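Visitor: I would like to learn how to read the features of a structure one at a time. Please take me through this one with the definitions alongside.

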Amino acid sequence: MLTKGALATLFAAQASAFPWVLDTIGQPRDYFGHQEKRQTQAGSAATCPNNPNHKGAVPISAKYPYCGAKNGLPGYQVCVNNLVPAKGDTAHYYTPPGPNDIRGPCPGINTAANHNFLSHDGITTFEELVDMQQNVYGVGYDLAVLLATLGVGLDGDPISGKLSIGCDASSRTTSPGLPGPELGLDGHNKFEGDTSLTRNDYFLDLDNGDNFSFNLTKYKRMSDVCKGSFDRKCMSDYRYERYQESLNWNGNFYFGPKSLLLFGAASFLYELFPSLGELGKPDQTTMDYFFKKEQLPPNWYSRVDPYTIPDVAIEIFAQYSAHPVPFGGNTGKPNSFVGIGDFGSAFSGNMFKGDAAGVACFLYQAATENVPSSLGGGSTVPLQSLEFGASKLNPLFGNSSSKLGSFGCPLNFNSA
């Protein structure tokens with residue numbers, strides 16, 4: 001990992017290359033809140049749906065235990081014959097969103113909300129996210145905690161643990177006295193970023209800033225590339241194509257190291273979306289259900305063995321290595337790209353080891369360290385979010401007897 005001094009030096013060096021970064025140097029937290037309000041169109045608080053009938057997720061029960069995860073704690077970790085939704089569990093049958101329900105850029109999360117494994121109105125919590133990932137998709141507890149931590153820490157409220165799965169619902173997620181806004185998962189260059197598989201780049205939709213609505217044209221193009229098999233190779237190829245598209249069309253294209261999360265999300269198409277996960281087929285019919293209907297396919301079973309942080313790190317590294325591209329961004333017009341460091345197996349100036357273990361450690365750092373904006377956007381993350389991330393992840397990465405602990409990742413906020 002780069003030292004904090006090296007990060008600061010690189011931050012200053014990149015400021016001239018990315019003019020908008022200059023606005024963030026040495027400014028107080030409330031200033032960053034003001035800057036975040038650049039996203040003021042379709043995903044704004046003024047246009048965000050508000051359902052007064054907030055009920056929370058429908059919990060599992062003794063009759064319908066799914067993978068046994070509840071209250072944000074580990075479930076069974078090996079989940080056999082887990083039909084989702086279970087026969088007779090009408091509370092988790094598909095219910096389409098109403099006009100007052102929030103949906104966002106993630107089809108897997110939208111699908112879970114449509115089946116009431118998350119709050120149907122789209123205002124969810126850390127515990128709901130951890131439980132849902134295990135019970136619905138067979139995600140391992142470690143990865144479920146990491147993804148929920150990134151979502152709540154970057155786009156929600158680490159004090160209340162609440163998160164909007166789409167637009168800015170700060171009035172319903174923010175704890176009293178904390179600065180805002182909390183943009184939800186629609187917030188640009190936080191969890192969401194350019195080169196999405198099926199969503200617009202934020203700055204390419206000049207009228208609405210819509211980076212969350214399903215784009216059928218992009219989905220059809222992804223389907224053409226995959227030809228009925230949405231496997232690792234297809235995801236690698238299509239992600240590279242989307243990178244080139246953004247580079248050539250989006251003058252404000254930004255691809256920081258946190259964009260590695262997009263490779264992880266792409267792996268869900270072949271590791272989590274098929275019935276039985278990696279044992280199933282990532283075919284066109286399956287993807288149509290998740291992307292076009294945002295509904296679990298009929299007779300659908302979750303993954304049996306848990307999809308863990310080491311697993312997703314392997315997939316991220318494999319996809320990126322197939323088409324290694326530089327981190328950095330355009331400087332106001334298409335094809336004006338300025339890169340950050342080197343690229344390839346060493347990942348941008350050897351910020352972390354060029355292997356799956358290095359990716360896993362970077363994922364930890366992304367959730368627990370205030371990384372400068374020139375390295376992926378983090379200067380706007382408040383201290384509460386960073387401490388929140390460390391409190392959730394240090395027990396996992398600091399356990400020397402676990403696979404994560406064996407990576408030897410340097411821990412932040414050791415006293416947390």
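**Reading the model feature by feature**

Guide: Let us begin with a salt bridge (a side-chain nitrogen of Lys or Arg within 4 Å of a carboxyl oxygen of Asp or Glu): here the side chains of Arg-303 and Asp-305 meet in one, at 3.5 Å from N to O. Salt bridges that share partners also join Asp-201, Lys-218, Arg-242 and Glu-245 into one network. This is a predicted model, in which local features need pLDDT of at least 70 and side-chain atom pairs count only at pLDDT 80 or more, while totals for chains, interfaces and linings use all residues. Residues are numbered from 1 along each chain as its sequence is written, and side-chain values use heavy atoms, with hydrogens and water left out.

Visitor: Are Arg-303 and Asp-305 buried or partly exposed?

Guide: The reading rests on relative accessible area, where buried means under 20%, exposed over 50% and partly exposed in between, with a 1.4 Å probe and protein chains only. Arg-303 counts as buried because its relative accessibility is 3%, whereas Asp-305, with a relative accessible area of 31%, is partly exposed. Across the protein chain of 416 residues, buried residues make up 57%.

Visitor: How many salt bridges does the structure hold, and which parts does the pair Glu-315 and Arg-232 tie together?

Guide: The structure holds ten salt bridges. In the one between Glu-315 and Arg-232, the closest N and O atoms are 2.9 Å apart. Glu-315 lies in helix 11 (residues 309-322) and Arg-232 in helix 8 (residues 232-249), so the pair ties together parts that are 83 residues apart in sequence. Helices and strands here are DSSP runs numbered from the N terminus, a helix being H or I over at least four residues and a strand being E over at least two. Glu-315 is buried at a relative accessible area of 7%, while Arg-232 counts as partly exposed at 35%.

Visitor: How should I check the length of helix 8, and what covers its buried residues?

Guide: The expected span of a helix is 1.5 Å times one less than its number of residues. Helix 8 has 18 residues and reaches 26 Å from its first C-alpha to its last, close to the 26 Å expected. Its buried residues include Cys-234, Met-235, Tyr-238, Arg-239 and Leu-247, and what covers the buried residues of helix 8 includes helix 7 (216-226), strand 3, helix 9 (260-271) and helix 11.

Visitor: How is a sheet read, and in what order do the three strands form one?

Guide: Strands of a sheet pair through backbone hydrogen bonds, either parallel or antiparallel. Pairing is counted if DSSP finds at least two bridges between two strands. Here three strands form an open sheet in the order 3-4-5, with antiparallel pairing. Strand 3 (254-255) and strand 5 (338-339) stand at the edges, each with a single partner strand, so one side of each is left without a neighbour in the sheet. Strand 4 (residues 328-329) pairs with strand 5 over two bridges, and the bridge partner of Gly-328 in strand 5 is Gly-339.

Key. Contact means heavy atoms within 4.5 Å.
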